[in-house]
Structures are given as C-alpha cells and as structure tokens.
Amino acid sequence: SGRVLEINAFPGGEGLLKTHGVVLAEKVLDRLENERSGQAASPGTLIHRRPVLDLDRRVDRMYRRDGVDVAPVDVVDVFAHEAHQLSGRALVEVRPAPGSFALDDTPVVVSVPHAGVLVPERFVDRFPSDDATLVEIDLLSHLLYEQLSATQVVSRLTPYFLDMNRGRSGAEGAQVPRHLHNPPHEYYTVDDEPILLRPYDEDEVDEVLRYYDLYHDLVDLLVDAARRRHGWALLIDGHSMTSVGLGRVHDEGEPRDNVVVGTLGGTSADEAIIDAFLGALEAGFAPLDLGITVAENVPYSGGFITRKHHDPADGVHAIQVEVTMDTYMYEADTDPVRRYSLKQQRLDIVRSVLGDATRVAVAAGERTLRRGITSS
C-alpha cells in the first residue's frame with residue numbers, strides 16, 4: 001500500500017517478556033495483519049518485519065530466567081567418566097550458523113536433543129553406572145549437524161536424564177507411537193524398562209524440567225525469529241539411531257536404512273521442501289558407491305519436536321533426520337578396540353551431503369515463499 005506503520009513496545013511491556021517471553025509489539029502487528037487480511041497472515045506478509053527486540057538479548061533473558069544461568073552446575077560426563085563444572089548455557093547450548101554472528105541470519109534452525117553425555121552430579125546416583133546406558137544416547141550425533149548453515153540448539157544432557165523429544169506431560173493415544181508416551185523426566189530404556197533407580201520428588205521434578213522448558217522455549221523463539229525475518233523457517237531435528245531396531249520399536253531386530261527423513265507422512269513440511277531434501281540426499285550418496293541408503297518415515301516418522309513445531313500453512317516447516325550410527329562410527333556391539341570410534345571419512349561425507357541437502361531444501365523453500373507472495 002505504500003503506507004508505513006511503526007509499533008513500539010512501552011517500557012512496562014518488558015515484564016511480559018521476562019515472565020512469558022511475549023513481545024507486545026509483535027502481538028499488535030500480528031493482530032493488525034490478521035484484521036487487514038481477514039484471515040491468518042500469510043508467511044509472505046512477514047518477510048520485511050524486523051525483530052522488535054534484539055534476539056541475543058531475548059536469548060540471554062531466557063538463560064537467566066529460573067536461575068538456569070546463575071550458578072555453575074557440577075556435572076558428570078558418563079561417556080568419558082569425567083567431572084566438570086559448567087554453566088546453564090553449556091548444558092543447553094545455542095550457536096549461530098558457522099561463520100555467522102547473528103542467530104537469525106538463516107531460516108534454518110537445527111535441534112539436537114539426544115546427543116548429550118552429561119548428568120548433574122547430584123542426580124548421578126539415580127541411574128545405572130554401567131556402560132549399557134550409552135545405547136540410550138545418540139552418541140556423537142551432534143557432529144553430523146554442527147557444520148550445517150543453521151542456528152543450533154543442542155542439549156548436552158543425556159536423554160535418559162531428560163528427554164527433550166517428549167511431551168512435557170507425556171502423550172497417549174493410538175496416533176502417538178508407544179516410544180513417545182513417557183514424560184521427559186521418566187525415561188524408558190530400549191527394553192521398555194524405567195531407568196530411574198529412585199523417582200524424583202516434586203521439587204526435583206521442577207528443577208529438572210527447567211532445562212526442558214529452556215530448550216523448547218529457545219527452539220520456539222529461534223524458529224519464530226527465523227520466520228519473522230525470512231518469511232518462513234525450516235526446523236531440522238537431528239538424531240542418530242542404531243543400525244538394527246532395538247527394544248520396544250516396531251522394527252526390532254531388522255536392519256535400517258542409513259538415513260531416514262521423518263516427515264509425519266509428508267505433512268510436516270511443504271512437499272517441495274521434502275522432495276528437494278530427499279532428492280539431494282539420494283543424489284549426494286549415489287555416486288559414492290558406499291551403499292548408503294535413504295528412506296522416508298520408516299522406522300521413525302517424527303518425534304515430539306517435529307510434531308510440536310511443524311506448521312507449513314504458517315511458514316514453519318519441520319523435518320526429522322535419523323542417521324544410523326554405523327554410518328559414521330563403530331557401534332556398541334563392535335569389538336572393544338574400535339567401539340565408539342569415528343569413521344572420520346564417512347562422517348565427513350555424511351556432513352557434506354546433509355549440508356548440500358539443506359541448501360537445496362532452503363532454495364526450494366524460498367521458491368515456495370515467492371510463489372505464495374505472487375499468488376497472494
């Protein structure tokens with residue numbers, strides 16, 4: 001229209017930000033856009049919007065909220081059997097894309113919820129101390145995704161201490177796979193047994209779940225910031241998995257494809273983005289003659305994070321990626337000399353192909369956005 005409307009948040013609105021993560025000016029803009037169009041604003045109408053409050057400051061406030069970043073935490077590395085003292089920022093880590101200094105330079109946000117090897121020292125005695133617990137961790141999976149051109153949110157806490165890929169109160173129903181039913185602080189092993197040796201009391205549950213809330217609030221914030229700046233966002237939820245189904249999964253004992261892209265049956269992202277991502281993966285691995293196979297939705301179609309965040313109609317697209325551990329490392333059942341060692345050359349190849357696939361998916365997303373703007 002050629003008209004400009006400027007919205008400023010009054011200073012008292014800072015309380016809403018601190019308490020609820022709400023930026024009042026953004027809410028006003030959303031309401032005005034909806035009223036102007038008579039319906040939910042399309043992603044294209046948001047492309048020229050700039051953050052109302054500096055994104056780094058908002059991230060900082062989230063870390064300080066609930067005292068997560070107030071004092072260092074004594075933790076134990078269950079993989080290396082070492083003790084450390086770390087800040088809350090090191091336990092739930094946010095990083096800009098490689099080579100970038102801004103958290104919203106890219107429309108892509110990567111979530112890595114299951115690679116952590118740390119347990120707060122005061123809770124270590126709640127879990128078995130043998131190495132069998134390592135099979136519950138997506139060991140070294142963060143290495144697969146750390147070079148993607150994407151803002152990163154990574155949990156350094158073990159998933160059996162706190163499973164970021166579960167609903168806060170668990171989930172039930174035939175539409176939700178059995179392995180997603182437990183709440184994040186009540187982990188069940190691959191053998192469908194509770195891992196906690198002694199349950200948490202009410203205060204301990206609150207203490208543990210503050211890290212869960214921080215993780216998901218950060219993902220919410222960064223995905224929304226990407227959507228507001230770029231007109232759309234792509235969330236990649238990065239995992240690894242055993243090369244053969246273990247325990248309570250429906251493919252127990254069966255070999256798995258090397259890379260599995262979870263799309264909730266093709267509904268978690270625009271079809272063009274999904275096709276571009278899958279096609280680039282297949283094209284990237286095919287000439288290498290390494291036998292690396294790519295599949296969609298089998299055995300995993302998408303966990304809680306993919307289910308929670310996908311909203312293609314509003315410009316938020318989500319994809320879950322699973323890579324079998326034997327594709328980039330030696331698994332737990334390998335001979336002790338090589339167990340958990342990286343296959344460095346294969347790791348480099350997988351990272352490169354994932355990077356190319358992400359770039360191709362972003363290009364498809366930009367084309368989809370332009371088509372939406374043109375048609376509207």
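In the predicted model, strands β7 and β10 (residues 316–324) pair in the parallel sense through nine bridges. Within this pairing, histidine 239 has glutamate 322 of β10 as its bridge partner. Strand β7 is also joined to strand β4 (residues 108–112), again in parallel, by four bridges; here valine 108 is partnered with leucine 234 of β7.

Strand β7 (residues 233–241) is largely enclosed by the rest of the structure, because nine of its nine residues are buried. Burial extends to both faces of the strand: Ala233, Leu235, Asp237, His239 and Met241 lie on one side, and Leu234, Ile236, Gly238 and Ser240 on the other.

In soluble globular proteins, nonpolar side chains tend to be buried together. The largest nonpolar core of the model comprises 91 residues, of which Phe277 and Leu281 touch the most other members. Helix α6 (residues 202–230) makes the greatest contribution to this core, supplying 14 residues. When neighbours within four places in sequence are set aside, the contacts of leucine 281 are Val259, Val261, Val294, Val353, Leu354 and Ala357. Another core, of five residues, lies apart from the largest one and includes Met241, Val249, Ala295 and Tyr300.

Nonpolar side chains also occur at the surface, where Leu5, Val28 and Leu32 form a patch with about 240 Å² of accessible area together. Leucine 5 belongs to the segment before α1 (14–20). Its relative accessibility is 58%, and leucine 5 therefore counts as exposed, the cut-off being over 50%.

How values were computed. Residues numbered from 1 in each chain as written. Predicted model: local features only at pLDDT ≥ 70, side-chain atom pairs only at ≥ 80, totals over all residues. Heavy atoms only, no water. Patch = residues over 30% accessible without salt bridge, like charges linked within 9 Å, V, L, I, M, F, W, Y side chains within 5 Å. Areas by Shrake-Rupley, 256 points an atom, 1.4 Å probe, with all protein chains shown as cover. Salt bridge = Lys/Arg side-chain N within 4 Å of Asp/Glu carboxyl O. Helix = DSSP H or I, 4+ residues; strand = E, 2+ residues; numbered from the N terminus. Buried < 20%, exposed > 50% of the residue type's maximum accessible area, 1.4 Å probe, protein only. Core = buried A, V, L, I, M, F, W, Y, C linked by side-chain atoms within 4.5 Å. Contact = heavy atoms within 4.5 Å. Pairing = 2+ DSSP bridges.
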